[in-house]
Amino acid sequence: MRVDALTGVLLIPAIAAALLAVLPGYRMTARLNVVATTATLLCAVSLFFRRPPTGSYLLVDDLNVTFIVLTTFVGFTTSVFSASYIAHELETGRLTPSSVRFYHAMYQVLMFAMNLALIANNIGLMWVAIEMATLTTVLMVGIYRTHEALEAAWKYFILGSVGIALALFGTILIYMAARPAVGEGLDAMVWTVLVKRAGGFDPALLNLAFVFLLLGYGTKVGLAPLHAWLPDAHAEGPTPISAVLSGLLLNVALYALLRFKMLLAVNAGALAPGPLMVTLGLISLVFAAFMLYRRRDIKRMFAYSSIEHMGIITFAFGMGGPIANFAGLLHMTMHSLTKSAIFFAVGHVTQVKGTQRIADIGGLTETHPALGWGLILGVVAIAGLPPLGIFMSEFLVVSSTFARAPALAIILVFGLLVGLAGLFLRINSIAFGEPRGPSAKAKASYVPMFAHLAIVFAAGIYMPPALVVWFQNVAGLLG
Amino acid sequence: MSRIDFDVAHLLAGTLVLISFLELYQDRLYSLLNVYALHALVLAASVAWQALIQDAPHLYVTAGIALVFKAIVIPVTLHRMIIKLGIHREIEKVVGVGFTMLAGMGLVALSMVVMLRVTHNADPLAQEDLAFALAVVLLGLLMMVTRQNAVSQVIGFMSLENGLVLAATGAKGMPLVVEISVAFSVLIAFIVIGIFLFRIRERFDTVDLQALDQFRGERR
């Protein structure tokens, strides 16, 4: 096997996982974790410049390079945050040295699985990778072994497995649709072959397959009404995992859906997947926006905010067309960066306060100015206020929808405003007012959080033309 | 394809649907486990038959996994777990048997109508296989939602998965079937270990999921 950047993206996490599973000592393994994610990120960035040839298993194109770089970047910053987070968990005894070893190994396995899902050219391989990512996150959600953590893990496990099973049925149906046109064997599962020949597939089979894939992978995206696992899993797992779940794994599942959407777009007789995605997206947005109001747990609140934003992104991709796709991609990138930054802040906040209950957290800007203001900045960004990056992408989604379907745009704006108000209602009591809870100094790593927020801020004010051209190009691919 | 090839494949797939119905009305865990073992056994036979008539030797691996892992190892493990953890041996149902059976019949009819109409271009064997497979998948889902007991939900999931393997082997020449069935076995093994590892009995005092539901919605 030739060693190139592509194998690096897969091989580095795999080797790191094996090493981290056996090496003792927290300090060294946390550093090794960071080193491995850095190396993976470098390999991923190099894919921009040198594309390996497309094989029947692996594929690199403009679409997935965008996802891979985003995934490895957030994976890298989260590993930096994770080092200080885990140190605190060890001190307080919530995690034992052996469970930390397990945690680090699983972190790398998760990175491996997500990268594999993104670069898979084979729809069967993509399915296996997403299943693997599900399993590793289930194990990490349950790592605290408390009653709530186990219950959240079990719920995620059962719902995730059913989603995965439905997605496999959809994958089999795609193969059945492709077989008459492409012929038996491996080629009928290779995405690049499928997309070339999809015009000749049986449209009825493709439609049915897409419904199963939408339900299956849609469960993993966290679209309402299939979202039940998501708030529990976010609230009970370690916070670095909440950041990775929200920022990355939901995107990976959405990426799988987009690949199949592109497949259906080629076939003239197949149903348009857009309206289905638009409907699910809007339901998720409005539902999650209302759910923000009665939350008492800070991590659950931001989990619902993730459902809301995945709804917006799915809506944008469902609308389709160059501007909406551009907005969807931009929103996805900005949401990943912002939401993981918020979880970095929330992770440290819950550690210093020793609780996740919103009622017990107060006056953060007085006791912990850096954390408090970081969290406020994150919430301002995620609520979509100008001049930050999410404002721009939401503005694009709304304006392009107004031009094409004003009725939908009204629902969209309604959901966005409801969500905005819900978030500010809560953040007000968290960040300002009488300080509540312990006010010991936080041993936090602020760099990842402020780095993400700086990027989001910069993107809201000035987008480099090269980046705009790149996103436009990818949006064009999505059709 | 000769007539007998088709008939045997048809018979085995139909039997699988029938056994799914048998699972629906069991009210004791042990008998449910036995019926599941039978389900897996018939699946193994069906996959082996497909391997023979499609001349696809790699499918024998899948059949072997179904036979050894699903028909023997998993039921035996679960059986011992039930004893060791002292799980309730009776299955509490959310809705009555009569309603469940009616719903099951509706689901089978639905899958026939949908699949036979959609796959009319495919060869008859694959067509029927897919229709039966969808029926098994839907019956598995039905079982998962009508049971409160964690172990019987897991069994529901496993019979759902048997339906997927039936679909995958019925799709002639599908690549990666063996890999996918291995991946699924890993998933199932995790679930089964999960029951034990998460010590549901110890943590929740019962494997009745109603007891777990206190966490639904908001904490405290």
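Which side chains meet in a salt bridge between Lys172(B) and its partner in chain A? That would be Lys172(B) and Glu184(A), at 3.4 Å, N to O. By salt bridge I mean a side-chain nitrogen of Lys or Arg within 4 Å of a carboxyl oxygen of Asp or Glu.

Quick housekeeping. This is a predicted model, where local features need pLDDT of at least 70, side-chain atom pairs count only at pLDDT 80 or more, and totals for chains, interfaces and linings use all residues. Residues are numbered from 1 along each chain as its sequence is written, chains are lettered from A and ligands numbered from 1 in the order in which they are written, and side-chain values use heavy atoms, with hydrogens and water left out.

Okay, the interface. Contact here means heavy atoms within 4.5 Å, and 47 residues of chain A and 51 residues of chain B take part. The count between the two chains is one salt bridge.

Now, inside chain A. Arg259(A) pairs with Asp61(A) in a salt bridge at 3.1 Å, N to O. Arg259(A) sits in helix α10 and Asp61(A) in the loop between α2 and α3, so this pair ties together parts 198 residues apart in sequence. Helices, by the way, are DSSP runs (H or I, at least four residues), and strands are E runs of at least two, numbered from the N terminus. Both residues are buried, meaning under 20% relative accessible area, with exposed over 50% and partly exposed in between (1.4 Å probe, protein chains only).

Last one: Lys155(A) meets Asp232(A) at 2.8 Å, N to O. Lys155(A) is partly exposed at 24%, while Asp232(A) is buried at 1%. Lys155(A), Asp232(A) and Arg300(A) are linked in a salt-bridge network.
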